[in-house]
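Hi,

Here is the model I promised to pass on. Please have a look at it first, and then read my notes below.

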Amino acid sequence: MTETIQGGCACGAVKYQTRAEIEFSFNCHCRKCQRATGGGHSSAFAVPAVEFEISGAIKEFASPSDNGAVTYAGFCPECGSPLTSRTERFPERIYVHAATLDEPSKFRPTFVVFAEAAQPWDLPNDRLADAPR
Ligand SMILES: [Zn+2]
Ligand SMILES: [Zn+2]
């Protein structure tokens, strides 16, 4: 039996839930994630977009990634909390920022993405593997 995963933004205007199986979980140190989160990296997990339910409106910031595909950073328009991310490259998938979970301690990242972009004050977790490429 899969359990329901729930979370939301800081002000409570946006909430989400899914009963989907998490596909994978990771820490990303790319500059986009640094800017979007205001921290050294983002921690996120991927679930199938069709099984992800959002209540409340999110706003999305669209920008091209290095490979040309447009990525969308979703955030709460009221409080600005980063919530989701998605890319044209994998439209069937949505990435969710782990700290927005109601129970964030259940997040289990297994690999690191863009370790080479890490800041010296937020080094990649060396207990995690590098991204599968
Ligand atoms: Zn909010
Ligand atoms: Zn990133």
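What follows is a tour from the overall fold down to the metal sites and a few single residues.

First, the ground rules: this is a predicted model, so local features need pLDDT of at least 70 and side-chain atom pairs count only at pLDDT 80 or more, while totals for chains, interfaces and linings use all residues. Residues are numbered from 1 along each chain as its sequence is written, chains are lettered from A and ligands numbered from 1 in the order in which they are written, and side-chain values use heavy atoms, with hydrogens and water left out.

**Overall fold**

The chain has 1 helix and 11 strands; these are DSSP runs numbered from the N terminus, with helices being H or I of at least four residues and strands E of at least two. In sequence order that reads β-β-β-α-β-β-β-β-β-β-β-β. A compact globule of 133 residues would have a radius of gyration near 14 Å, and the chain agrees with its 14 Å (taken over C-alpha atoms; the globule rule is 2.2 Å times the number of residues to the power 0.38). The C-alpha trace spans about 35 × 35 × 25 Å along its principal axes.

Of the 133 residues, 38% count as buried, where buried means under 20% relative accessible area, exposed over 50% and partly exposed in between, with a 1.4 Å probe and protein chains only. Among contacts with a separation of 6 or more, 53% are between residues 24 or more positions apart (contact means heavy atoms within 4.5 Å).

**Strands**

An open sheet of 8 strands runs in the order E6-E7-E8-E9-E4-E3-E10-E11, with mixed pairing. Its edges are E6 (59–64) and E11 (129–130), each pairing on one side only. Two strands pair if DSSP finds at least two bridges between them. Within this sheet, E3 (residues 24–28) and E4 (residues 42–48) are antiparallel over 5 bridges, and Ser-25 sits opposite Phe-45 in E4.

Then there are E1, E2 and E5. E1 (residues 5–8) pairs with E2 in the antiparallel sense over 4 bridges, and the two form a hairpin with 6 residues between them, where Gly-12 in the turn has a positive phi of about 90 degrees. E2 is also joined to E5 (residues 52–55), again antiparallel, by 4 bridges. Tyr-16 in E2 is the bridge partner of Gly-7, and Tyr-16 also partners Ile-54 in E5. Strand E2 (residues 15–18) has a covered face made of Tyr-16 and Thr-18, and an uncovered one with Lys-15 and Gln-17.

**Zinc sites**

Ligand 1 is a zinc ion coordinated by the SG atoms of Cys-9, Cys-11, Cys-76 and Cys-79, at 2.3 Å. Donors here are N, O and S atoms within 2.8 Å of the metal (3.2 Å for Na, K and Ca), and water is not among the atoms, so sites may look incomplete. The spacing of these donors along the chain is C-x1-C-x64-C-x2-C. Their angles of 107 to 112 degrees make the arrangement tetrahedral (for four donors, all angles must lie between 85 and 135 degrees). Cys-9 is buried at 11% relative accessible area, whereas Cys-11 is partly exposed at 43%.

The zinc ion that is ligand 2 is coordinated by SG of Cys-28, Cys-30 and Cys-33, at 2.1 to 2.3 Å, with the spacing C-x1-C-x2-C. Both Cys-28 and Cys-30 are buried.

**Loops**

Phe-114, in the loop between E10 (111–113) and E11, has a positive phi near 55 degrees despite not being glycine. Most residues other than glycine have a negative phi. Phe-114 counts as partly exposed at 35% relative accessibility.

Gly-80 is in the loop between E7 (70–75) and E8 (82–87) and is partly exposed at 42%. Ala-49, in the loop between E4 and E5, is partly exposed at 28%. Leaving out residues up to four places away in sequence, Ala-49 touches Pro-91, Glu-92, Arg-93 and Ile-94.

Cheers

Terms used. Tetrahedral: all angles 85-135°; square planar, octahedral: opposite > 155°, others 65-115°.
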